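Please open the structure in your viewer and display the backbone as a cartoon.

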Amino acid sequence: MEQANYSVGLDIGTTKIVAIIGKENEYGKIEILGIGKSKSLGVHRGVVNNITQTIKSIQQAVEEAEANSGLRIGSVVVGIAGQHIRSLQHSDYISREDSEKVINDNDLDTLCNQVYKLIMLPGEEIIHVLPQEYKVDGQAEIKEPIGMYGGRLEANFHVVVGQVTSIKNIGRCIKSAGLDLGNITLEPLASSNAVLSQEEKEAGVALIDIGGGTTDLAIFKDGIIRHTAVIPFGGGVITEDIKEGCSIIEKQAELLKIKFGSAWPGENKDNEIVSIPGLRGREPKEISLKNLSKIIHARVVEIIEQVYVEIKNYGHEEQKKKLIAGIVLTGGGSQLKHLKQLVEYITGMDTRIGYPNEHLAGDSDKEVVSPLYATSVGLLMNAIENDAKIKRIEELNNLEQEENTTVTEEEPVLVENGNLEAPQEQSKAPRKSVLDKWSDKLKDFLDNAE
């Protein structure tokens, strides 16, 4: 099978690294061809802090995915998260020289590129510039201004900012693992593609992706991304609290959390006790499930309250910005028992657990349909979309070359002033999206960093 027929998403998380290979089937659904995962050893709270360990973990996951699928992995789409990610709202405008000409792609590009020139804090770089609404000569709430007349073009932007070093370190890990970097995507955006429906994005929804090291938030309203945030706490902090609160080792704490953990302390009776084997012949430890859920509850409440502050910062309490579809929980941490009820209790918003099954083919492995793989599936969807775009551009370029070959054989046309004019080119390659341009910039940036 050629590389062109399948795509690869790579999720570099704090607890696990997942390489996922897939392709689009004839029904427009995603077929998973192979999956590989390894323990993530060099990542802390979404940020690479040990390059050598991360490269080893990436190679391990990639080798497993290749062995499962019998395919070779070349180019990958990678997610970026971590506590260094922040977002801001920005408005900008351009004055057009000729208001008698219609607004075109170039005007939008000029406006977007202007935002990239914003002065950031030292060591920070703009990752995404996502246009929200446009204004043309004061006329507001325009979603697509192309084809309109106007002298002043304004727009509100959602700008995502990250640390240059963190982005470079991810690029270095991918290169050193023998892979090509196809694209970098913000992880909350990838997860939202995998688990949210278009109706939810229109109505207004907050996606909370609880990972091992970070909790990612993405808010959509009217089909447009409105707010993103990365909170530097996740399931790992809960495990840490259990480890310290019950004086046990991390492995046991993680097992306790998964098997017996609950976010709602009232659920367990006082006499429910679990016995844990002691280390090296020591006496077994008895742990009350009520105490366990109290430890978990305290930390989960803290995480949810921080997320809720971000939802309020977006303006959820204003009537116009109300999130009608409520909250969608995903990521490994969302599997904690009674978490949905606790989130509804704290925020007063409708909540559901998000599974990445809507876009997957019916015969997909049960494991992949878990919220644990929401980001990985989202990155794979992004990779498939990217590869399809590249294919379309190549086809158009080939078509153009063929037409140019036939055009060159035609006679030049004599126009009024007696000058010779070559026949016009027939077709143009499609305009690159803001995201594609940013990927190109990033690739140059990483190449120069070598």
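What follows is a sequence of selections, each with a description of what is found there.

The model is a predicted one, in which local features need pLDDT of at least 70 and side-chain atom pairs count only at pLDDT 80 or more, while totals for chains, interfaces and linings use all residues. Residues are numbered from 1 along each chain as its sequence is written, and side-chain values use heavy atoms, with hydrogens and water left out.

**Stop 1: helices α1 and α3**

Select residues 51-69, which form helix α1, and residues 164-176, which form helix α3. Helices (H or I, at least four residues) and strands (E, at least two) are DSSP runs, numbered from the N terminus. Two packed helices are described by the angle between their axes and the distance between the axes. Here the angle is about 50° and the axes are 9 Å apart. Axes are lines fitted to C-alpha atoms, for helices over the stretch in contact, and angles run from 0 to 180 degrees between N-to-C directions. α1 is therefore oblique to α3; angles under 35 degrees count as roughly parallel, over 145 as roughly antiparallel, 65 to 115 as roughly perpendicular and the rest as oblique.

The crossing of α1 and α3 is right-handed. A crossing is left-handed if the near helix is turned anticlockwise from the far one by less than a right angle, and right-handed if clockwise.

Now show the side chains in the contact (heavy atoms within 4.5 Å). α1 contributes Ile51, Thr54, Ile55, Ile58 and Gln59, and α3 contributes Asn169, Arg172, Cys173, Ile174 and Ser176. By class, these residues are 5 nonpolar, 4 polar and 1 charged. Ala, Val, Leu, Ile, Met, Phe, Trp, Tyr, Cys and Pro count as nonpolar, Asp, Glu, Lys and Arg as charged, and the others, Gly among them, as polar.

**Stop 2: helices α6 and α7**

Move to residues 235-246 (α6) and 250-260 (α7), whose axes lie 8 Å apart at an angle of about 110°. The two helices are therefore roughly perpendicular to each other. Their contact involves Gly235, Ile238, Thr239, Ile242 and Lys243 of α6, together with Glu250, Ala253, Glu254, Leu256 and Lys257 of α7. This set comprises 4 nonpolar, 2 polar and 4 charged residues.

Next, select Ser247 in the loop between α6 and α7. Most residues other than glycine have a negative phi. Ser247, although not a glycine, has a positive phi of about 50°.

**Stop 3: helices α8 and α9**

Select α8 (289-314) and α9 (339-347). These helices pack at an angle of about 50°, with axes 10 Å apart, and α8 is therefore oblique to α9. From α8, the contact takes in His297, Val300, Val301, Ile304, Glu305 and Tyr308; from α9, Leu339, Leu342, Val343, Ile346 and Thr347. The division is 8 nonpolar, 2 polar and 1 charged.

His338, in the loop between β17 (327-330) and α9, has a positive phi of about 65° although it is not a glycine.

**Stop 4: the largest cavity**

Which residues line the largest cavity? Select Ile208, Ile210, Thr215, Ile303, Ile304, Val307, Leu329, Leu339 and Val343 to display its lining. The lining has 8 nonpolar, 1 polar and no charged residues. α8 gives the most, with 3 residues. The space in this cavity is about 40 Å³.

Key: 1 Å grid on protein atoms, 1.4 Å probe; cavity = no way out; pocket = protein on both sides within 12 Å on 5 of 7 lines; lining within 4 Å. Points joined across faces, edges and corners; volume = space filled by probe spheres on them.
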